[in-house]
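Student: I would like to learn how to read the features of a protein model. Could we take them in turn?

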Amino acid sequence: IQEEIAEKKQFEDSVRRVFEEMSANGGVGITLEDFEQHMDDEAVSAYFNSLQLDVRDAKQLFTLLDNDNSGSIDAEEFLKGCQRLKGESRALDTAVLQFQITRLSDEMALFRDSVDKSLGCIFDGARLLSKGAHVQNTAIF
């Protein structure tokens, strides 16, 4: 257990060092521009490769790390994101994603059908009102 705790501490320390190196504003945050600039740095690239993270698409990786969509990654986002994304994708992870995508797709189809049905009722009601108004106008004259 002690060894695992020491490895976790070492990992966190190395992530923080990389964060500080990448941050142009004194360790406050990393912008997409900072991030892309440092992807060309051999040491930073090697670090991400050691985590088995693909750095060929810096913008996509930045988006995955920027949890709050602020356009800047703070130290906590960087640490948690690197912890979450490190390592190879496992079959279970892939299966979970496939399940979630299928479920979302099914829910979207049900929502679309519900909207179509509601719009149909609205259009039918509008047609009836329109015919009723036309009949009333004719009866008045």
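**Salt bridges within helices**

Tutor: In this predicted model, Glu 76 and Lys 80 form a salt bridge, with their closest N and O atoms 3.7 Å apart. Side chains of opposite charge can pair when their charged atoms come close.

Student: Why are Glu 76 and Lys 80 separated by about one helical turn?

Tutor: They are 4 residues apart in helix α5, and therefore about one helical turn separates them. Glu 76 counts as partly exposed because its relative accessibility is 39%; Lys 80, at 46%, is also classed as partly exposed.

Student: How many salt bridges does the count come to?

Tutor: The count is 5. Among them is the pair Asp 13 and Lys 9, whose closest N and O atoms lie 3.2 Å apart. Another joins Asp 124 to Arg 127, at 2.8 Å between the closest N and O atoms. Asp 124 and Arg 127 are 3 residues apart in helix α6 (residues 91-140), so about one helical turn separates them.

Student: At what angle do the axes of α4 and α5 cross?

Tutor: The axes of helix α4 (residues 58-65) and helix α5 (residues 75-85) cross at roughly 110 degrees and come within 9 Å. Angles of 65 to 115 degrees count as roughly perpendicular, so α4 is roughly perpendicular to α5. By class, their contact has 6 nonpolar, 1 polar and 2 charged residues.

Student: Which residues have the most contacts inside the largest nonpolar core?

Tutor: They are Met 22, Phe 35, Met 39, Phe 48 and Phe 78, in a core of 22 residues. Helix α1 gives the most to this core, with 5 residues.

How values were computed. Residues numbered from 1 in each chain as written. Predicted model: local features only at pLDDT ≥ 70, side-chain atom pairs only at ≥ 80, totals over all residues. Heavy atoms only, no water. Axes fitted to C-alpha atoms, helices over the stretch in contact; angles between N-to-C directions. Helix = DSSP H or I, 4+ residues; strand = E, 2+ residues; numbered from the N terminus. Parallel < 35°, antiparallel > 145°, perpendicular 65-115°, else oblique. Nonpolar A, V, L, I, M, F, W, Y, C, P; charged D, E, K, R; others polar. Core = buried A, V, L, I, M, F, W, Y, C linked by side-chain atoms within 4.5 Å. Buried < 20%, exposed > 50% of the residue type's maximum accessible area, 1.4 Å probe, protein only. Salt bridge = Lys/Arg side-chain N within 4 Å of Asp/Glu carboxyl O.
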